[in-house]
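I opened the notebook to record what I looked up in this structure. The entries follow in the order in which I made them.

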Amino acid sequence: MTLMLLVLIPVCAGLLCLATRRREWWECLNLFAFALLVPLAFKAAYDVRGLVELYGRFTSGTGVVDVLMRRAIWRAVSRRCGHGLQVESGVGFKHLETFDIGDGVFIGAQSFIQGRYDGTCVIGDNVWIGPQAYFDARNLVLEAFVGWGPGAKVLGSAHTGIPVDVPIVRTDLEIKPVRIRAWADIGTNATILPGVTVGKGAIVGAGAVVTHDVEPFAIVAGVPAKFIRWRDEARASIERTEDNQHA
């Protein structure tokens, strides 16, 4: 195993140097190496704590090496990680080892995803997360093609506040699942509260605070978020389907 590391890491580094000269086929080889070989080498050489420490060296950079190293470390640590992951600068996390990440995921700069050692965090295929987003990801599922606006937040837990004769932060923490179904779009600076499910194809307006479930293909906005209207074409399609089922 040590011999493999000694061979793989210099080879990958050499490929990276050649890729920066804009030779397209070398770039392809480099991406292949970082996508497949480097994460395997990292797993063999480091434990989770060591990889998290290594990640800190590349968190803030915007160069080619920083981008590729962030991707490689996420692939090495996470429970599952698909192809094409993009992790921008300043992205932080806790308990990355519990994350299940699909293909084509983009995570914007300065975002933070807080998992839990025994939690569930699933990010589906082609999810786009804007900069400065925050996720309480202790029981979170973002399905495929979810769009997440800059600064939008998930709060997946809250203190019970009981009993009242002790500080709230010392009372029990109740974790509730949050589910964002496929194709949903969450506006800039919106907040999703614990236990909420946002239905397929729904739109949550900018700055909304969502306290209850959102129906599929609904548009909601406000504080607290209220139903505005249906997405017309989608609603018509649903009604036609229901009519056909009852015919």
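**Arg80 and its partner.** I began with Arg80, which has a relative accessibility of 42% and therefore counts as partly exposed, since that class lies between 20% and 50%. The model is a predicted one, and I read the values below with that in mind. I then looked for the partner of the Arg80 side chain and found Asp100, in a salt bridge at 2.9 Å, N to O. Arg80 belongs to strand β1 and Asp100 to strand β4, so the pair ties together parts that are 20 residues apart in sequence. The two residues also stand opposite each other in the strand pairing. I noted that β1 and β4 (residues 99-101) pair in the parallel sense over two bridges.

**The sheet.** Where does β1 sit in the order of the open sheet? I read the order as β1-β4-β7-β10-β15-β18, six strands with parallel pairing. β1 (80-81) and β18 (197-198) are at the edges and have a single partner strand each, so one side of each lacks a neighbour in the sheet.

**Other salt bridges.** I searched the whole structure and got four salt bridges. One of them joins the side chains of Asp118 and Arg116 at 2.5 Å, N to O. Asp118 is partly exposed, with a relative accessible area of 47%, and Arg116 is partly exposed as well, at 28%. Another joins the side chains of Asp136 and Arg138 at 2.8 Å, N to O. Are Asp136 and Arg138 buried or exposed? I found both of them buried.

**Helix α4.** I checked the length of α4 (residues 64-77) against expectation. At 1.5 Å a residue its 14 residues should span 20 Å, and the end C-alpha atoms are 20 Å apart, which agrees. Next I looked at burial. Eleven of the 14 residues are buried, so the helix is largely enclosed by the rest of the structure. The buried residues include Asp66, Arg70, Arg71 and Arg75, and also Leu68, Met69, Ile73 and Trp74.

**The nonpolar core.** I listed the largest nonpolar core, which has 51 residues. Trp74, Phe135, Trp148, Ile180, Ile192 and Val198 touch the most other members. Elements that give two or more residues to this core include α2 (24-45), α3 (48-56), β7 (120-123), β10 (139-142) and β15 (178-180). α4 gives the largest share, six residues. I followed up Ile180: leaving out residues up to four places away in sequence, Ile180 touches Val141, Leu142, Glu143, Val146, Trp148, Ile186, Ile192 and Val198.

**A hairpin.** I turned to β21 (residues 218-221) and β22 (residues 226-230), which pair in the antiparallel sense over four bridges. Val220 stands opposite Phe227 in β22. The two strands form a hairpin with four residues between them, and Gly222 in the turn has a positive phi of about 105°.

**Whole-chain figures.** The chain has five helices and 22 strands. Of its 247 residues, 43% are buried. The accessible surface comes to about 13,100 Å², and carbon and sulfur atoms account for 56% of that. Among contacts with a separation of 6 or more, 24% are between residues 24 or more positions apart.

Technical notes:
Residues numbered from 1 in each chain as written. Predicted model: local features only at pLDDT ≥ 70, side-chain atom pairs only at ≥ 80, totals over all residues. Heavy atoms only, no water. Expected span 1.5 Å × (residues − 1). Buried < 20%, exposed > 50% of the residue type's maximum accessible area, 1.4 Å probe, protein only. Pairing = 2+ DSSP bridges. Contact = heavy atoms within 4.5 Å. Areas by Shrake-Rupley, 256 points an atom, 1.4 Å probe, with all protein chains shown as cover. Core = buried A, V, L, I, M, F, W, Y, C linked by side-chain atoms within 4.5 Å.
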